[in-house]
Amino acid sequence: MAKLDAPQIVTSRVGLDGGHTLARYLETGGYEALKKALAMTPGAVAEEVDAASLLGRGGAGFPAGRKWSMLKKDPVTYLVVNGDESEPATFKDRLLMEKDPHQLVEGVVISAWALQVTTAFIFVRGEFALGLERVQTAVNDAYAHGALGRDIFGSGFSLDVVVHAGAGAYICGDETALLETLEGKRGFPRIKPPFYPAAIGLYGQPTVVNNVETLSNIPWIVLNGGRAFAALGKGRSTGTRLFALSGRVRRPGVYEIEMVHNTFRDLIYDPALGGGTTDDVAIKAVIPGGASSPWFGPELLDVALGQDEVAEHGSMLGSGSVVVIGANDCAVRAAWRLTKFFRHETCGQCTPCREGAGWLERILHRIETGGGRLEDIDLLLDVCDNIVPGLGWPPQQTTICPLGPSIPSSITSAISMCKDEFLAHIEHGGCTSG
Amino acid sequence: MSHFHPEFRQRAEEIVALYPHPRSATLPLCHLAQEQDGYLCADAMVEVAELTQTTSAEVRGTASFYDLFHLEPVGTYVVGVCTNIACLLAGGLELLAHAEISLGVAVGGTTPENRFTLEECECLGDCDVAPCVQVNNRFVRTTTPEAFDELIGRLRTDDVVSDIPRHGLLSRVRRSVGLEVKPEVIAAERARVAAASSDQASG
């Protein structure tokens with residue numbers, strides 16, 4: 001049974017008319033958390049976030065409180081908001097930016113106070129024109145309201161926030177690539193070390209990079225306390241989380257549900273959530289956490305929606321996107337299209353990723369379109385093994401960033417779960433499923 | 001002579017002033033150039049380089065990395081059809097094939113009257129209304145061939161479609177204020193406060 005009694009922490013205004021406006025935000029308790037935070041010491045605010053055990057909602061799931069505590073002390077430090085949501089089938093940050101941009105802005109100011117940063121940047125994916133307009137409007141209105149700029153609400157704390165539009169590149173979701181693009185360069189992930197922007201980030205200064213959903217949780221945590229947040233969920237996965245559900249389901253959409261107490265089956269079949277599969281089709285596979293995550297077969301539908309719970313079964317919760325692939329959908333075609341995505345988005349710095357993505361995509365394309373050879377299956381696995389030696393999970397890192405090692409996930413999943421489909425394609429001269 | 005028209009030049013200078021380093025304004029200024037010209041032309045890149053204290057080669061190097069910057073002219077309406085996983089399952093490839101026939105151009109092509117450019121897109125994040133179509137980065141929610149054709153018909157005849165600005169105008173909302181406090185001013189203020197409190201502590 002799905003457990004749906006948790007509070008709506010970040011989506012309380014999503015269904016409201018004009019929920020994105022300042023007037024409606026103030027009517028519904030907006031900027032009260034900021035006032036409360038400014039009356040606390042920065043350290044006390046950071047302690048609440050630490051007590052919440054809030055895991056980053058971008059994909060890697062790094063604890064936000066720990067990220068904050070790593071920020072090196074320096075006269076000039078930055079906070080950068082990662083709103084470059086581009087993981088295939090992930091559409092929850094866009095919802096937050098379009099429907100409740102003030103909640104994000106309030107989260108940014110509170111976080112900036114806790115971290116004592118000098119300037120904050122909100123990076124919004126370029127393709128989200130409406131999101132950009134809504135976030136920029138919210139920032140403009142927040143300045144006029146005294147929630148941004150000099151001497152915020154008479155506290156003596158000052159902060160400028162700059163909204164920065166991206167220009168279309170998945171790789172800029174990687175936090176070091178994001179900093180490069182914010183510096184006006186190609187979105188090349190930075191060579192490690194330094195491992196964390198908290199030491200050396202934007203313009204070489206200490207920088208915290210947080211995801212949109214992560215920061216949207218901050219006002220609630222300040223108002224209700226970190227312990228109230230940590231009381232939701234279980235183990236390391238505290239609070240609620242947004243899940244973007246798509247594919248063969250009756251009610252695709254974004255759902256905020258409590259972590260761990262719900263399973264993939266709940267999310268897909270509960271009438272208040274996914275409402276079951278389209279035409280009651282059987283499930284062939286579920287992509288549990290974005291294009292980079294290994295697939296789950298139907299036998300794993302009862303795995304709980306928690307970070308460690310999914311990891312224990314050899315995949316990851318990642319960006320919180322769940323794609324349902326139906327029994328009649330072609331696994332070869334799905335793997336080909338996901339690989340084509342990586343081929344398009346590889347930044348080209350590292351050989352395994354740059355060459356591997358193109359090679360794999362060409363092989364998958366010829367299988368799908370009828371030019372496949374029997375030895376292609378081994379060839380696919382061999383090329384994958386060159387990107388991720390041993391083909392294990394979590395993958396070994398052979399490249400600067402995690403994009404390369406993400407490529408094999410869909411291919412090895414499709415081959416291990418649906419090898420017969422690959423063989424049928426090769427035998428019958430291509431895809432027969434339409 | 002400035003390639004940016006006076007009003008755009010002024011906006012460009014305001015954008016540069018928002019960043020601790022002028023180079024950070026590269027992407028916003030490329031967007032601004034596209035807003036003025038509909039695409040990113042060589043003359044604009046020369047001026048972006050001057051404003052960001054880089055070279056036009058560096059601006060081109062940066063701009064060419066990103067999908068949204070068009071270094072060649074494109075149509076008034078750039079139509080993008082997503083075929084990534086959620087849209088693939090909902091018939092994205094079939095809708096893209098329909099769009100090619102309907103517009104009479106292949107992916108990447110522009111119609112002869114320069115009204116439409118067709119693109120195949122990676123996931124645009126509208127996966128619950130699949131397959132997803134954007135026109136000039138606005139979600140248009142036309143998931144069937146019929147709805148797609150109806151929209152194209154409107155865009156073909158109407159001079160102005162209010163909810164879809166012409167290509168290049170990304171955000172119709174502009175920043176209303178400049179920076180109120182520069183980072184170095186904040187840093188200096190805090191240093192003063194810290195020094196004063198440590199004086200107090202030691203005195």
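Reader: Which residue of chain A forms a salt bridge with Glu122(B)?
Author: A salt bridge here is a side-chain nitrogen of Lys or Arg within 4 Å of a carboxyl oxygen of Asp or Glu. In this predicted model, the closest N and O atoms of the pair are 3.1 Å apart. The partner of Glu122(B) is Arg337(A).

Reader: What pLDDT do side-chain atom pairs need in order to count?
Author: Residues are numbered from 1 along each chain as its sequence is written, chains are lettered from A and ligands numbered from 1 in the order written, and side-chain values use heavy atoms, without hydrogens and water. In this predicted model, totals for chains, interfaces and linings use all residues, local features need pLDDT of at least 70, and side-chain atom pairs count only at pLDDT 80 or more.

Reader: How many salt bridges link chain B and chain A?
Author: Over all chains, the search finds 38 salt bridges. One between the two chains joins Glu189(B) to Arg150(A), with closest N and O atoms 3.6 Å apart. Between chain B and chain A the count is seven.

Reader: What area is buried between chain B and chain A?
Author: In contact (heavy atoms within 4.5 Å) are 58 residues of chain B and 73 residues of chain A. Buried area is the accessible area (1.4 Å probe) that two parts lose on being put together, summed over both. Carbon and sulfur atoms give 56% of it. The total is about 5200 Å².

Reader: What is the volume of the largest pocket?
Author: On a 1 Å grid over the protein atoms alone, a pocket is an open set of points where a 1.4 Å probe fits, with protein on both sides within 12 Å along at least five of seven lines; lining residues have an atom within 4 Å of a point. The lining has 50 residues, with Gly59(A) and Asp174(A) among those nearest the centre. Volume is the space filled by probe spheres set on the points, which are joined across faces, edges and corners. For this pocket that is about 1700 Å³.

Reader: What is the phi of Asp151(A)?
Author: Asp151(A) is in the loop between helix 7 (129-145) and strand 3 (160-165) of chain A. Most residues other than glycine have a negative phi. Asp151(A) has a positive phi, near 55 degrees.

Terms used: Helix = DSSP H or I, 4+ residues; strand = E, 2+ residues; numbered from the N terminus.
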